Number of protein chains: 2
Amino acid sequence: MADPGALRCNRDRLWASIIKMGEIGATPRGGVRRLALTDLDRQARELFVSWCEQAQCDVRVDQIGNIIAKRPGEDANAPPVMTGSHLDTQPLGGKFDGIYGVLAGLEVMRTLNDGNFNTRAPIETVVWTDEEGVRFSGTLASGVFAGVYELKDALAKTDREGITFGEALKEIGFAGNAPVGGYEINAFFEAHIEQGPILEAEDKQVGVVLGAQGQRCFAVTVKGEEGHAGTLPMRMRRDAMVGAARMVNAINGIAFKHEPSPVITVGYLKVRPNSRNTIPGQVVFSIDSRHPDDALLAQIESEMRTACEDIAAALSLGVDFRLESQRPTVRFHGECVGLIRDTAKRLGIDHMDIYSGAGHDACQLVHKAPTGMIFVPCENGVSHNELENAKPDDLAAGCDVLLHAMLARAGAVTVHS
Amino acid sequence: MADPGALRCNRDRLWASIIKMGEIGATPRGGVRRLALTDLDRQARELFVSWCEQAQCDVRVDQIGNIIAKRPGEDANAPPVMTGSHLDTQPLGGKFDGIYGVLAGLEVMRTLNDGNFNTRAPIETVVWTDEEGVRFSGTLASGVFAGVYELKDALAKTDREGITFGEALKEIGFAGNAPVGGYEINAFFEAHIEQGPILEAEDKQVGVVLGAQGQRCFAVTVKGEEGHAGTLPMRMRRDAMVGAARMVNAINGIAFKHEPSPVITVGYLKVRPNSRNTIPGQVVFSIDSRHPDDALLAQIESEMRTACEDIAAALSLGVDFRLESQRPTVRFHGECVGLIRDTAKRLGIDHMDIYSGAGHDACQLVHKAPTGMIFVPCENGVSHNELENAKPDDLAAGCDVLLHAMLARAGAVTVHS
């Protein structure tokens, strides 16, 4: 085979690897419980390392536990083209979130081996440590690699039992010697399940990820006055529940007004005193608002704040509308996004542009290298759940896009064998 | 003094008695914690008995612990005119709820003594056991007296520790020998603080209580589907919180539509899973609806049910709207209500018709005798609270109405001394 454009990954091998990896920490309902820096995480890492070594890669572990499997290039000095994701899961997670991205990287290297292709630049597949952050802090290790966080701060982070990240790494034998980052990367690509329902609903195999939505979270406190449910006439009430209800509804209306892009959720709400026969004196609720455009996210904040203040004033209630946290929008690199889109098109794969609702290691890597992400559909949009599922054909389609995007960046060199 | 119409109660003596009684179980913030059938309840009962004996009353205790202080009439066979309320309090209660009605009855008897007036029919002031029902069950003892409940069932009721009502009565020495009820009552009057803000807002000293509102309580369960706050587009959501918010607002609107009479409250609301970044899959909330007209209360139920079902359907949510408890409207006896109204008018006391939002012993007595209630204002409408307060002048005005209503039923006989 002399035309690298004809290369395709091995669908069944990719699927079998995912299933095999899913046996480590498998739960009865078909999910995976494999928390970062546990013995199960160690087993998964060792399986990955053994597969990479079988694929003739050079494997190293850096000081924050990231595993980097390198398939050397013809030009040893060329910055590598990197891909990868994570092997750790949520407490009740699935077989695909993170794992797919790691094993798609492995499948790219295996496919190149099968076709006897070299690349000009090296290719690296990386396992980022503790992406989920269940025990320490999410995307911390990829953040250190990208220069966002300091290594020593990360290693000193403690879990609820006071064990440090550094100690936990040593415990599972993955406190490596390699420096964390510190070298140039040609590009970083991450393949991942969408974790949402859009691709499935639109019947697309690949999502060209433009970026990750910005997020602003608020705590809203509505202050009324407690009173007896049986004796206080309606017109004399200052009912925090009624105020909160109108605010929730207004906030929902603002999300629809700015369709299709924003998602706004009131997920948490607490009533005081929360007694059947007492008019609520206080309600606290959360707002989680996300939008791919920071300016619109700011405008939405302003509209929500005004709506809450107007409703409070009309009902003689007090309101405290407070920003709790924010994460700016991430935009992936134009070249990488365009390359993924063109590659999908060239391969005849149905695709669409999409934003990521969640954060990923790739959102850290943007600070280090040109970065892009490839989404594939997951069943019913379900993720962070034992029922998480995806189709072998879709996973293979995403992997083919990854393969050819990486080849385009790394430069394919046919090896006459 | 030969004209009974000129009789007035002793404002300062009534106030001093209330203050004195409030010392038993006094809390630092000016309230009272005197739970039924505790040693503090015993102390309060013994103080009341000693005051009644000083007022030359015959005191008896019945088998459910009700204390009945009788001021004999000229006609020993005439059914007595009765008044009274309770001496027990809420866990953090005030000095007036219940206590005022008992001590107003005592003040009526003391005032008749001062004026040297006899009555044709006897006058009885009663302390009903455990009106609040904090430990056993509210208005149980007055309910037995009125024939609503069986004595043996009431005595067998247990508290959380398994102690029976009967045992608790013995423990404080108030398991009496007198039969519970079983004799004819001419009329029953109960004086009470309003426990609401209406009289104060309307600047009236006396409320002529027409009855007690009927009450229907519901549990509403809104069923949606959980989803990721960051990835599920607005149009694909089945958000139980948004549904519940619209329902709460619609229910509030229904209350205002039927103004001024109904009070409808959503006091309790619980979200599942109640996490900032998860779209709520379920919300359960309570509705407490009250109205003095049972037919309108039923209509309001139907309107609320339809509103909730319509909102659920529009949002593709499920809804379960379930009646949890109901208490029919109580109407006080036309003769007693008219007598209270006429008496207030004759005494030149500012008064208005009013409904009781809460239940009272008088609501049980309607099953036994012509019954009426007299409300007086309480500060800011606050009750079941240590800050409960009332004005000596208002308490005296209510007591004067009680005195002359009872005199009208009992028949005043001047005694030339």
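This is a predicted model: local features need pLDDT of at least 70, side-chain atom pairs count only at pLDDT 80 or more; totals for chains, interfaces and linings use all residues.
User: Where in chain A does A:Phe96 lie?

Analyst: Look between two elements, β3 (81-85) and α3 (99-115) of chain A: A:Phe96 is in the loop between them. For a sense of scale, take A:His86, ten residues from A:Phe96 in sequence. The C-alpha atoms of A:His86 and A:Phe96 are 9.9 Å apart.

User: Does A:Phe96 count as buried or exposed, and why?

Analyst: The idea is to count neighbours: a residue is buried if 20 or more other C-beta atoms lie within 10 Å of its own. A:Phe96 has 25 C-beta neighbours inside 10 Å, so A:Phe96 counts as buried.

User: Let's step back to the whole chain. What domains does the assignment give for chain A?

Analyst: Chain A is assigned domain 1 (4-212 + 329-414) and domain 2 (214-327). Between the C-alpha centres of these two domains of chain A there are 39 Å. Where the domains meet, domain 1 of chain A contributes five residues to the contact and domain 2 of chain A contributes six residues. On the domain 1 side of that contact in chain A, there are two nonpolar residues, three polar and no charged.

User: And how many residues of chain B are in contact with chain A?

Analyst: On the chain B side there are 47 residues, in contact with 46 residues of chain A. Several elements of chain B supply at least two residues each, among them α7 (198-202), β10 (263-265) and β13 (282-291). With nine residues, α8(B) gives the most to this side. Sorted by class, the side of chain B that touches chain A holds 24 nonpolar, 18 polar and five charged residues.

User: What rotation superposes chain B on chain A?

Analyst: First the general idea: two copies of a chain are related by a rotation about an axis and a shift along it. Here, chain B is superposed on chain A by a rotation of 180 degrees with 0.0 Å of shift along the axis, at an RMSD of 0.1 Å. The two copies are therefore related as by a two-fold rotation axis. To find that axis from chain B, look for B:Ala245: its C-alpha is the nearest to the axis in chain B, 2.1 Å from it. Both copies use the same surface, as 98% of the contact residues of chain B recur in chain A.

Note on methods. Residues are numbered from 1 along each chain as its sequence is written. Chains are lettered from A and ligands numbered from 1 in the order in which they are written. Helices (H or I, at least four residues) and strands (E, at least two) are DSSP runs, numbered from the N terminus. A residue is buried if 20 or more other C-beta atoms lie within 10 Å of its own, exposed if 12 or fewer, and partly exposed in between; C-beta atoms are placed from the backbone. Two residues are in contact if their C-beta atoms, placed from the backbone, lie within 7 Å. Ala, Val, Leu, Ile, Met, Phe, Trp, Tyr, Cys and Pro count as nonpolar, Asp, Glu, Lys and Arg as charged, and the others, Gly among them, as polar. Domain bounds come from an automatic or database domain assignment. Copies are superposed by least squares on the C-alpha atoms of residues with pLDDT of at least 70 in both.
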